Each structure stands twice: as structure tokens, then as C-alpha cells.
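Try each task before you read its solution.

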Amino acid sequence: ELAAARIEPQDPGLRQQVVDALCRHPAPLTQQQLRAALKVRNQLLTTALHELLAENKISRSNGGWTITR
């Protein structure tokens with residue numbers, strides 16, 4: 001069994017932290033900036049960003065990530 005290959009549901013606390021961080025900044029934030037601010041592993045942040053993107057809560061541009069308004 002490949003238990004490690006399963007994708008676990010993302011921690012809602014991290015997702016809220018991402019939303020809060022993006023709300024505090026009027027300009028887009030890069031993934032690297034978010035990672036440094038939230039002090040999380042890149043893999044966890046990537047999963048959270050993709051889930052929020054799929055829910056239309058955030059959007060991605062060349063400049064980084066922003067809150068969908």
C-alpha cells in the first residue's frame with residue numbers, strides 16, 4: 001500500500017493564514033514571500049494555494065498570489 005502517495009486534506013488553519021497574509025498586502029505575494037512569512041514547508045504551501053485557487057478564493061498572476069475580490 002502506498003500510504004505516502006495519498007493526498008491528505010489540507011489544514012484549514014494554514015489556508016486561513018494564507019488568506020490573512022494576502023489580505024494584509026495590497027500587492028501580490030510570491031510563493032517564496034508567503035513561505036517565509038508563514039514559515040511552512042513549500043509542499044504544504046503549494047497544496048494550500050492550489051486548494052484556495054480551485055475554490056476561487058485567491059488568484060495567481062505573474063506578480064504572485066492575490067485575494068480574489
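A residue counts as buried when its relative accessible area is under 20%, and as exposed when that value is over 50%. Keep in mind that you are looking at a predicted model.

**Exercise 1. Get your bearings**

Task: Work out how many helices and strands the protein has, and in which order they run.

Solution: 
- Begin with the tally: the secondary structure consists of three helices and two strands.
- Now turn to burial: of the 69 residues in the protein, 28% are buried.
- Finally, look at the contacts with a separation of 6 or more: 53% of them join residues 24 or more positions apart.

**Exercise 2. Find the buried side of H1**

Task: List the buried residues of H1, and decide how they are placed around the helix axis.

Solution: 
- With the cut-off above, the buried residues of H1 are Leu 14, Arg 15, Val 18, Val 19, Ala 21 and Leu 22.
- Around the axis, they cover an arc of only 160 degrees, so they sit on the same side of H1.
- Then ask what lies over the buried residues of H1: the cover includes helix H2 (31-38), H3, strand S1 (58-61) and strand S2 (64-67).
- As a last check on the helix, the 13 residues of H1 should span 18 Å at 1.5 Å a residue, and the 18 Å between its end C-alpha atoms agrees with this.

**Exercise 3. Pack H1 against H3**

Task: Describe the angle between helix H1 and helix H3, and say which residues make the contact.

Solution: 
- Helix H1 (residues 12-24) packs with helix H3 (residues 42-54) at an angle of about 75 degrees, and their axes are 10 Å apart.
- Angles of 65 to 115 degrees count as roughly perpendicular, and H1 and H3 are therefore roughly perpendicular to each other.
- H1 brings Leu 14, Arg 15, Val 18 and Val 19 to the contact, while H3 brings Leu 44, Leu 45, Ala 48, Leu 49, Glu 51 and Leu 52.
- Sorted by type, the contact residues comprise eight nonpolar, no polar and two charged.

**Exercise 4. Inspect two loop residues**

Task: Locate Lys 39 and Asn 56, then decide whether each is buried or exposed.

Solution: 
- Lys 39 lies in the loop between H2 and H3, and its phi is positive, about 55 degrees, although it is not a glycine.
- With a relative accessible area of 72%, Lys 39 is exposed.
- Asn 56 lies in the loop between H3 and S1, and has a positive phi of about 60 degrees although it is not a glycine.
- Asn 56 is exposed, with a relative accessible area of 58%.

Notes: Residues are numbered from 1 along each chain as its sequence is written. This is a predicted model: local features need pLDDT of at least 70, side-chain atom pairs count only at pLDDT 80 or more; totals for chains, interfaces and linings use all residues. Side-chain values use heavy atoms; hydrogens and water are left out. Axes are lines fitted to C-alpha atoms, for helices over the stretch in contact, and angles run from 0 to 180 degrees between N-to-C directions. Helices (H or I, at least four residues) and strands (E, at least two) are DSSP runs, numbered from the N terminus. Angles under 35 degrees count as roughly parallel, over 145 as roughly antiparallel, 65 to 115 as roughly perpendicular and the rest as oblique. Contact means heavy atoms within 4.5 Å. Ala, Val, Leu, Ile, Met, Phe, Trp, Tyr, Cys and Pro count as nonpolar, Asp, Glu, Lys and Arg as charged, and the others, Gly among them, as polar. The expected span of a helix is 1.5 Å times one less than its number of residues. Buried means under 20% relative accessible area, exposed over 50%, partly exposed in between (1.4 Å probe, protein chains only). The arc is that of the directions from the helix axis to the C-beta atoms.
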